[in-house]
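Have the structure open as you read.

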Amino acid sequence: MLYRICFIFFLTVTFANAQSAIIGKWKTIDDQTGKERSIVEIYKKGNKVFGKIIRVLKESDRSKTCIYCSGSDYNKPIEGLEIIKNMEPDGSSYEDGTITDPENGKTYRCKLWIDDDNPDILNVRGYIAFFYRTQQWKKL
């Protein structure tokens with residue numbers, strides 16, 4: 001009986017740590033150029049996770065707006081733009097939400113998870129149908 005209680009406790013603590021590890025500030029890295037682009041803050045609202053750009057690193061791009069975004073995000077400043085929306089926990093990852101690329105205004109299905117080999121790396125995957133692209137963001 002004690003073994004079962006310890007095992008359940010271990011799983012609960014491990015799950016809680018994996019879920020909270022994603023919360024915080026991350027430096028985005030362009031997967032094609034390798035350049036640092038922005039700082040995104042990932043935070044919880046209720047049981048879901050969201051993320052917004054809190055700083056664009058290239059000074060000349062800081063005043064840009066999301067001219068390609070649609071709906072309520074159209075023409076909003078990129079700094080402060082909520083690009084990750086409605087992510088739900090699924091084991092050690094978050095899924096079933098979306099991520100928007102402010103460069104082109106396209107919104108993709110999204111999956112977020114902490115890298116197995118480095119807890120300071122967040123894998124960010126955007127999907128269209130069965131095509132996907134993955135970026136690795138660095139913890140601040």
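## Charges over rings

Start with Lys-111: its charged end sits over the ring of Trp-113, 5.0 Å from the ring centre. Bear in mind that this is a predicted model, so treat the distances here as computed from it.

There's another lysine to look at. Lys-45 lies over the face of Phe-50, with 4.3 Å to the ring centre.

## Aromatic pairs

How many aromatic pairs does the structure hold? The count is three. One of them brings back Phe-50: its ring and that of Tyr-43 have centres 6.4 Å apart, and with the planes at 20° the pair is stacked, because stacking here calls for planes under 30 degrees apart. Both partners, Tyr-43 and Phe-50, are buried. So Phe-50 has Tyr-43 as its stacking partner, and Lys-45 lies over its face.

Now move along to Tyr-127 and Tyr-132. Their ring centres are 6.0 Å apart and the planes meet at 55°, so this pair is tilted. Is Tyr-127 buried or exposed? Its relative accessible area is 19%, and since the cut-off for buried is under 20%, Tyr-127 counts as buried.

## The nonpolar core

Next, the inside. The largest nonpolar core has 23 residues, and the ones touching the most other members are Ile-42, Ile-84, Leu-112, Leu-122 and Trp-137. Strands giving two or more residues to this core are β2 (36-45), β3 (48-56), β4 (82-90), β5 (93-100), β6 (107-114) and β7 (121-128). The biggest giver is β6, with four residues. As a rule, nonpolar side chains in soluble globular proteins tend to be buried together.

Setting aside neighbours within four places in sequence, Ile-84 is in contact with Val-40, Ile-42, Val-49, Phe-50, Gly-51, Thr-98, Ile-99, Leu-112 and Trp-137. Among them, Ile-42, Leu-112 and Trp-137 are also on the list of residues that touch the most other core members. Phe-50 turns up here too, as one of the contacts of Ile-84.

## Cysteines

Which cysteines form a disulfide? Cys-66 and Cys-69 do, with their sulfur atoms 1.8 Å apart, and the count for the structure comes to one disulfide. The link between Cys-66 and Cys-69 is right-handed, with 60° about the S-S bond, and both of these cysteines are buried.

Cys-110 is worth a look as well. Its relative accessibility is 4%, under the 20% cut-off, so Cys-110 counts as buried.

Technical notes:
Residues are numbered from 1 along each chain as its sequence is written. This is a predicted model: local features need pLDDT of at least 70, side-chain atom pairs count only at pLDDT 80 or more; totals for chains, interfaces and linings use all residues. Side-chain values use heavy atoms; hydrogens and water are left out. Rings of Phe, Tyr and Trp (its six-membered ring) pair if their centres lie within 6.5 Å; planes under 30 degrees apart count as stacked, over 60 as edge-to-face and the rest as tilted. Buried means under 20% relative accessible area, exposed over 50%, partly exposed in between (1.4 Å probe, protein chains only). A charge sits over a ring if NZ of Lys or CZ of Arg is within 6 Å of the ring centre and within 35 degrees of the ring normal. A nonpolar core is a set of buried Ala, Val, Leu, Ile, Met, Phe, Trp, Tyr and Cys residues joined through side-chain atoms within 4.5 Å. Contact means heavy atoms within 4.5 Å. A disulfide is a pair of cysteine sulfur atoms within 2.5 Å.
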